[in-house]
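Please read them with the structure open.

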Amino acid sequence: MKKVALITGGSRGIGAATSMRLSKDGYSLAINYVSDSHAADSLVETIILQGGHAIAVQADISVEAEVLALFNAIDVALDGLDLLVNNAGVLATQMPVVSMTAERINRVMATNVTGTFLCCREAIKRMSTNYGGRGGVIINVSSAAARLGSAGEYVDYAASKGAIDTLTTGLAAEVADQGIRVNAVRPGLIYTEMHSKGGEPGRVDRLSQLVPMKRGGQPEEVAAAIAWLASDESSYSTGAFIEVSGGR
Ligand code: NAP
């Protein structure tokens with residue numbers, strides 16, 4: 001029987017590379033997205049053509065009712081839940097803190113922090129041995145920004161990833177005796193479309209010389225770390241962080 005994985009924001013960028021990798025590793029996938037149904041549907045089509053099994057599920061993870069609907073859709077269509085990859089994340093236009101509105105900060109926090117908490121909550125209800133589940137794995141996609149702070153660009157985003165790191169540490173200890181491991185990856189500068197949302201599509205190339213390895217990373221390199229944390233190869237790791245950032 002195939003293990004079941006939910007990848008939030010699994011339709012593009014790091015999430016899409018993770019979906020492809022986990023499909024190759026034998027998982028049945030629920031690929032969540034918020035608005036770009038074309039990207040999600042074509043990824044599902046590719047996975048099915050390659051012999052995998054996947055469904056696309058639209059839901060805005062910052063909205064509690066939509067998170068409930070997302071997990072209900074998985075309950076109906078798939079066989080339980082073994083792996084949650086909390087990958088969905090957003091940032092806003094580059095600006096200093098002095099210019100940020102409450103609306104902007106709340107929008108970033110609602111997706112990156114509240115949405116991730118809600119997905120963890122629903123996954124625990126399904127995975128925890130306390131709730132009759134078969135155990136599972138949660139992997140949070142944090143960011144090197146949690147360490148670096150993103151000064152002048154998006155300190156709100158960096159702070160949201162700091163919250164994800166603390167969530168990872170606390171939740172890992174909270175559910176360790178319920179059969180659930182909780183770990184995180186901290187990607188650095190990765191070639192995805194997210195940087196355009198900040199207003200600078202060429203950001204990875206501009207900053208790559210600050211990276212000791214002198215290059216940006218590929219989404220597949222993050223997916224490989226996620227795949228290891230998902231696997232039994234990491235069976236004694238919980239509350240752990242893998243830097244995927246070229247040494248920065
Ligand atoms: P991306 O290319 O912009 O893709 C974002 C994905 O998240 C899309 O599938 C998008 O769906 C989905 N999404 C956005 N808001 C959502 C919401 N409210 N509910 C559900 N899904 C939502 O981003 P990425 O660069 O791959 O980033 C993925 C994760 O890695 C994020 O958590 C990000 O913070 C983190 N990260 C990225 C980098 C980097 O350099 N790229 C570095 C460090 C950490 P639609 O397609 O429908 O919009």
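Predicted model: local features only at pLDDT ≥ 70, side-chain atom pairs only at ≥ 80, totals over all residues.

1. Helix packing is treated in one way throughout. Two packed helices are described by the angle between their axes and by the distance between those axes.

2. Begin with helix α1 (residues 13–24) and helix α2 (residues 37–49), whose axes come within 11 Å and cross at roughly 20°. Angles under 35 degrees count as roughly parallel, and α1 and α2 are therefore roughly parallel to each other. Their crossing is right-handed.

3. On the α1 side, this contact uses Ala16, Ser19, Met20 and Ser23, which meet Leu43, Thr46 and Ile47 of α2. By class, the contact of α1 with α2 consists of 4 nonpolar and 3 polar residues, with no charged residue.

4. Helix α1 also packs against helix α9 (residues 219–230), at an angle of about 50° and with the axes 8 Å apart. The two helices, α1 and α9, are therefore oblique to each other. The crossing of α1 and α9 is right-handed.

5. From α1, the residues Gly13, Ile14, Ala17, Thr18, Arg21 and Leu22 take part in the contact with α9. Their partners in α9 are Pro219, Glu220, Val222, Ala223, Ala224, Ile226, Ala227 and Ala230. The contact of α1 with α9 divides into 10 nonpolar, 2 polar and 2 charged residues.

6. A further pair is helix α3 (residues 64–77) with helix α4 (residues 102–127): the axes come within 10 Å and cross at roughly 35°. The crossing of α3 and α4 is right-handed. Helix α3 contributes Glu64, Val67, Leu68, Phe71, Asn72 and Asp75, while α4 contributes Leu118, Cys119, Arg121, Glu122, Ala123 and Arg126. Sorted by class, the contact of α3 with α4 has 6 nonpolar, 1 polar and 5 charged residues.

7. Which residues come nearest to the ligand? Of the 31 residues around the ligand, these are Arg12, Ser35, Asn87, Tyr157 and Thr192.

8. A polar backbone atom of Val34 is 3.0 Å from an oxygen atom of the ligand, and a polar backbone atom of Gly188 is 3.2 Å from an oxygen atom of the ligand. At Ile61, a backbone N or O atom lies 3.0 Å from a nitrogen atom of the ligand.

Notes: Residues numbered from 1 in each chain as written. Heavy atoms only, no water. Axes fitted to C-alpha atoms, helices over the stretch in contact; angles between N-to-C directions. Helix = DSSP H or I, 4+ residues; strand = E, 2+ residues; numbered from the N terminus. Parallel < 35°, antiparallel > 145°, perpendicular 65-115°, else oblique. Left-handed = near helix turned anticlockwise from the far one by under 90°. Contact = heavy atoms within 4.5 Å. Nonpolar A, V, L, I, M, F, W, Y, C, P; charged D, E, K, R; others polar. Near = heavy atom within 4 Å. Polar contact = N/O pair within 3.5 Å; in protein donor to acceptor, adjacent residues only side chain to side chain.
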